Amino acid sequence: MTYLVFDDSLKLGITEIDQQHGRFVGYINDTWDALERGDSKDEFLHILNNLLDYAMEHFSLEEALMREFDYPDYEAHKATHTDTSTDLFDFDLRLLAGDEAEARAFLEFLTNWLKNHILGTDAKLAAYLKQQGVV
């Protein structure tokens with residue numbers, strides 16, 4: 001079952017960033033599926049660790065684009081990446097305890113973060129990049 005659909009409402013029109021955001025939605029749906037199956041904490045940790053690796057890759061791409069095109073809100077946007085990374089690492093520690101409530105909190109955090117990040121900070125970045133000719 002699909003928990004979150006990556007539809008046009010979440011797309012920014014920057015191909016590489018949209019593709020990466022779509023992959024984040026995949027991790028959210030993987031988390032939902034694991035909850036529905038009653039998977040072990042090891043499965044949640046596996047999903048989270050894959051997501052952490054991918055988040056670092058995604059944040060690096062965005063930050064490289066921001067530097068390349070002299071994005072004026074670079075420092076603030078980068079700070080949101082740092083804060084999110086800290087939150088994800090915190091979930092990694094909490095999921096080690098194996099509490100289902102933590103897995104559900106992780107799913108809620110991911111869903112809210114992705115929607116807010118895409119529609120907020122990333123939407124501003126996308127608008128700026130489009131003005132610079134990036135698609």
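Student: Which residue does Asp39 form a salt bridge with?
Tutor: Asp39 pairs with Arg37, and their closest N and O atoms are 2.6 Å apart. Keep in mind that this is a predicted model.

Student: Are those two buried or exposed?
Tutor: Asp39 is partly exposed, with a relative accessible area of 24%. Arg37 counts as exposed, at 53% relative accessibility.

Student: How many salt bridges does the structure hold?
Tutor: Three. One of them joins Asp8 and Lys11, with 3.8 Å between the closest N and O atoms. Asp8 is exposed at 62% relative accessibility, while Lys11 is partly exposed at 40%.

Student: What about Lys124, which side chain does it meet in a salt bridge?
Tutor: That's Asp73, at 3.9 Å from N to O. This pair links distant parts of the chain: Lys124 sits in helix H4 and Asp73 in the loop between H2 and H3, 51 residues apart. Asp73 is partly exposed, with a relative accessible area of 34%.

Student: OK, and Asp122? Where does it lie?
Tutor: Asp122 is in helix H4, which covers residues 100-131. It's buried yet has no salt bridge.

Student: Then what is Asp122 in contact with, leaving aside its neighbours within four places in sequence?
Tutor: Leu12, His21, His58, Glu62, His77 and His117.

Student: Switching to rings. How many aromatic pairs does a search of the whole structure find?
Tutor: Six aromatic pairs. One of them is Tyr3 with Trp32, which is stacked, at 4.8 Å centre to centre and 25° between the planes. Tyr3 is in the segment before H1 and Trp32 in helix H1, so the pair ties together parts that are 29 residues apart in sequence.

Student: Buried or exposed, those two?
Tutor: Tyr3 is partly exposed, with a relative accessible area of 35%. Trp32 counts as buried at 15% relative accessibility.

Student: And Phe24 with Tyr54, what kind of pair is that?
Tutor: The ring centres of Phe24 and Tyr54 are 5.5 Å apart and the planes are at 65°, so the pair is edge-to-face. It links distant parts of the chain, with Phe24 in helix H1 and Tyr54 in helix H2 (residues 41-68), 30 residues apart. Both residues are buried.

Student: Which residues do ring pairs link into a cluster?
Tutor: Phe24 and Tyr54 again, together with Tyr27, Phe59 and Trp113.

Student: Next one on my list is Thr31. Where is it, and is it buried or exposed?
Tutor: Thr31 is in helix H1. It counts as buried, at 0% relative accessibility. Apart from neighbours within four places in sequence, Thr31 is in contact with Phe44, Ile47, Ala103, Phe106, Leu107 and Leu110.

Student: Zooming out, how many helices and strands are there in the protein?
Tutor: Four helices and zero strands. Read from the N terminus, the elements run α-α-α-α. The radius of gyration is 15 Å, close to the 14 Å that the globule rule gives for 135 residues, so the protein is as compact as a globular protein of that length.

Student: What box do the C-alpha atoms fill?
Tutor: Roughly 45 × 30 × 20 Å, taken along the principal axes.

Student: What share of the residues is buried?
Tutor: Buried residues make up 44% of the 135. As for contacts with a separation of 6 or more, 73% of them are between residues 24 or more positions apart.

Student: Last thing, confidence. What is the mean pLDDT of the protein?
Tutor: It's 89, and 98% of the residues reach 70 or more.

Key. Residues numbered from 1 in each chain as written. Predicted model: local features only at pLDDT ≥ 70, side-chain atom pairs only at ≥ 80, totals over all residues. Heavy atoms only, no water. Helix = DSSP H or I, 4+ residues; strand = E, 2+ residues; numbered from the N terminus. Buried < 20%, exposed > 50% of the residue type's maximum accessible area, 1.4 Å probe, protein only. Lys, Arg positive; Asp, Glu negative; His and termini not counted. Salt bridge = Lys/Arg side-chain N within 4 Å of Asp/Glu carboxyl O. Contact = heavy atoms within 4.5 Å. pLDDT = per-residue confidence, 0-100. Phe/Tyr/Trp six-rings, centres within 6.5 Å; stacked < 30°, edge-to-face > 60°. Rg over C-alpha atoms; globule rule 2.2 N^0.38 Å.
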